[in-house]
Amino acid sequence: GSEMCIRDRNTPLVTGAAGSVNRITAGGDVRLLAAAGAQPAAVQDLGAELSLAGASVRVDGTIVLPSGKLTLQGRDGVLLTGASQLDLSGRAIAFNDVLRYSWGGDLILESSQGGIRQDAGALIDLSAVENNAGSLRAVALAAADGQVALLGRIVGSASGHYDAGGTAVPYRAGSVDVRAQRLGNPAACLLYTSDAADEEDS
């Protein structure tokens, strides 16, 4: 199949309308490019889902899906370059004069025959304020090339507490689930935890 290149010369990011579900599948490679020099605008639409699938998937730009779900499936590999920013974090939403906070979204990275790599400088944001943070799952189990290397920044912080029958319970920090034949420099992967977890580690 031929290569699919997603590039918007007018806006520097890919996003979705609230609650929308979008699936893009190519027989060849899929590449997402950012508009050079443009600054992303604020996105408040919640709960969009986006799936990109192809022979390989490479992200060079910004994908913003607040409290949403992003799935990247590359048969031969998934690459998040140092220019990539995947923002699935929660948002503060105003209802009249009251602020409510949404949860962190979910990111799935999968490769059936290759590896998964997040370069240094890349950002994955699953964080939330006054709500649960999101999750990251990376699966690369091919015997020869099944390596997962998360070398960029992963933010999975959660703040605040909720009332569970009179008991203050901290919101859940983000989670990372990696299934691979090998890990590439896992020490470079930094997961920010919740306030409660930080207190326990100190």
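Visitor: Which residues is Leu109 in contact with, leaving aside its neighbours within four places in sequence?

Guide: Contact means heavy atoms within 4.5 Å. By that rule, Leu109 touches Leu72, Val78, Leu80, Ile116, Leu136, Arg137, Ala138 and Val139.

Visitor: What kind of model is this?

Guide: This is a predicted model, where local features need pLDDT of at least 70, side-chain atom pairs count only at pLDDT 80 or more, and totals for chains, interfaces and linings use all residues. Residues are numbered from 1 along each chain as its sequence is written, and side-chain values use heavy atoms, with hydrogens and water left out.

Visitor: How many helices and strands does the chain have?

Guide: Both are DSSP runs, numbered from the N terminus: helices are H or I with at least four residues, strands are E with at least two. Here there is 1 helix and there are 25 strands.

Visitor: How do I read a nonpolar core?

Guide: In soluble globular proteins, nonpolar side chains tend to be buried together. Buried means under 20% relative accessible area, exposed over 50%, and partly exposed in between (1.4 Å probe, protein chains only). A nonpolar core is a set of buried Ala, Val, Leu, Ile, Met, Phe, Trp, Tyr and Cys residues joined through side-chain atoms within 4.5 Å. The largest one here has 27 residues. Ile63, Leu70, Leu72, Leu86 and Leu109 have the most contacts inside it. Among the elements that give two or more residues are strand S8 (69-74) and strand S13 (106-111). S17 gives the most, with 3 residues.

Visitor: What about salt bridges?

Guide: Look for a side-chain nitrogen of Lys or Arg within 4 Å of a carboxyl oxygen of Asp or Glu. The count here is 7. In one of them, the side chains of Asp60 and Arg31 meet at 2.7 Å, N to O.

Visitor: Why does the pair of Asp60 and Arg31 tie together parts that are apart in sequence?

Guide: Asp60 lies in the loop between S6 and strand S7 (62-64) and Arg31 in strand S4, so the pair links parts 29 residues apart in sequence.

Visitor: Is Asp60 buried or exposed?

Guide: Asp60 is buried, at 12% relative accessible area. Arg31 is partly exposed, at 29%.

Visitor: How do I read a strand pair?

Guide: Two strands pair if DSSP finds at least two bridges between them. S21 (residues 161-164) and S22 (residues 167-170) run antiparallel, joined by 4 bridges. They form a hairpin with 2 residues between them. Gly165 in the turn has a positive phi of about 65 degrees. Ala164 stands opposite Thr167 in S22.
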